[in-house]
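Student: Could we go through this model together, asking of each label what value stands behind it and what rule the value has to meet?

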Amino acid sequence: MTKANKLPNLKENFKFEAPILPASIRGGKQLTAVNMSSLDLYSLLVPKTSGIFMVQVSGESMIDEGIYNHDILIVDKNEQPSNGQVVIAALNGELLVKTYREIDGKVYLFSANKNFLPIEIFPDWAFEIQGLVKYCIHNMV
């Protein structure tokens, strides 16, 4: 089961800015930073600071969604999910990363890995959607 561990709050004064380079897979030309603008990654990923938090993933139940062990997820707690969206859910004291679905009036949390069964949410369980996953950051090596 894929779990999430909440990370410290984002700092409003954090900035990461880098040049934007044109990328091409044809011709094998080397990339250079000529006449290019730059991008503030923080402003792109976190357009509003209120209600945004990060979690670190632990587990493999969301690998078919491109979410892997140790990935960092940027989550918006102000948005409510629709069917098929990836959420951070608090379930009986644990934070989980799952796909939210409502089927015939019942709420389910689905994994994105065929080795894990869906979780039906029962009324007497401690359950709350913590937020909608907006971005996933993972290491490519």
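Tutor: Let us begin with the largest nonpolar core, which has 13 residues, and in which V55, I67, L73, V75, I88 and V97 touch the most other members. The strands β4 (52–58), β5 (72–76) and β6 (86–91) each supply at least two residues of this core, and β4 gives the most, with three residues. Apart from this core lies another, of 11 residues, among them V87, L91, L96 and L109.

Student: What makes a set of residues a nonpolar core?

Tutor: The members must be buried Ala, Val, Leu, Ile, Met, Phe, Trp, Tyr or Cys residues joined through side-chain atoms within 4.5 Å. Buried means under 20% relative accessible area, exposed means over 50%, and partly exposed lies in between, with a 1.4 Å probe and protein chains only. Buried residues make up 33% of the 141 residues in the protein.

Student: On what kind of model and atoms do these values rest?

Tutor: This is a predicted model, in which local features need pLDDT of at least 70 and side-chain atom pairs count only at pLDDT 80 or more, whereas totals for chains, interfaces and linings use all residues. Residues are numbered from 1 along each chain as its sequence is written, and side-chain values use heavy atoms, with hydrogens and water left out.

Student: Which label does the pair of Y108 and F110 receive, and why?

Tutor: Rings of Phe, Tyr and Trp (its six-membered ring) pair if their centres lie within 6.5 Å, and planes under 30 degrees apart count as stacked, over 60 as edge-to-face and the rest as tilted. Y108 and F110 are 6.2 Å apart centre to centre with 50 degrees between the planes, so the pair is tilted. The rings of F122 and W125, by contrast, have their centres 5.0 Å apart and their planes at 75 degrees, and therefore this pair is edge-to-face. By this rule the count comes to two aromatic pairs.

Student: Are Y108 and F110 buried or partly exposed, and how do you know?

Tutor: Y108 has a relative accessible area of 18% and is therefore buried, whereas F110, at 21%, is partly exposed. F122, at 37%, is partly exposed, and W125, at 31%, is partly exposed as well.

Student: Why is the charged end of R101 said to sit over the ring of F110?

Tutor: A charge sits over a ring if NZ of Lys or CZ of Arg is within 6 Å of the ring centre and within 35 degrees of the ring normal. The charged end of R101 sits over the ring of F110 at 5.4 Å from its centre, and that of K98 sits over the ring of F116 at 5.8 Å from its centre.

Student: What makes β7 and β8 a pair of strands?

Tutor: Strands here are DSSP runs (E, at least two residues), as helices are runs of H or I of at least four, numbered from the N terminus, and two strands pair if DSSP finds at least two bridges between them. β7 and β8 (residues 106–110) have five bridges in the antiparallel sense, so they pair.

Student: How many bridges join β6 to β7?

Tutor: Six bridges join β6 to β7 (residues 94–103), and these strands run antiparallel; the partner of L91 in β7 is E94.
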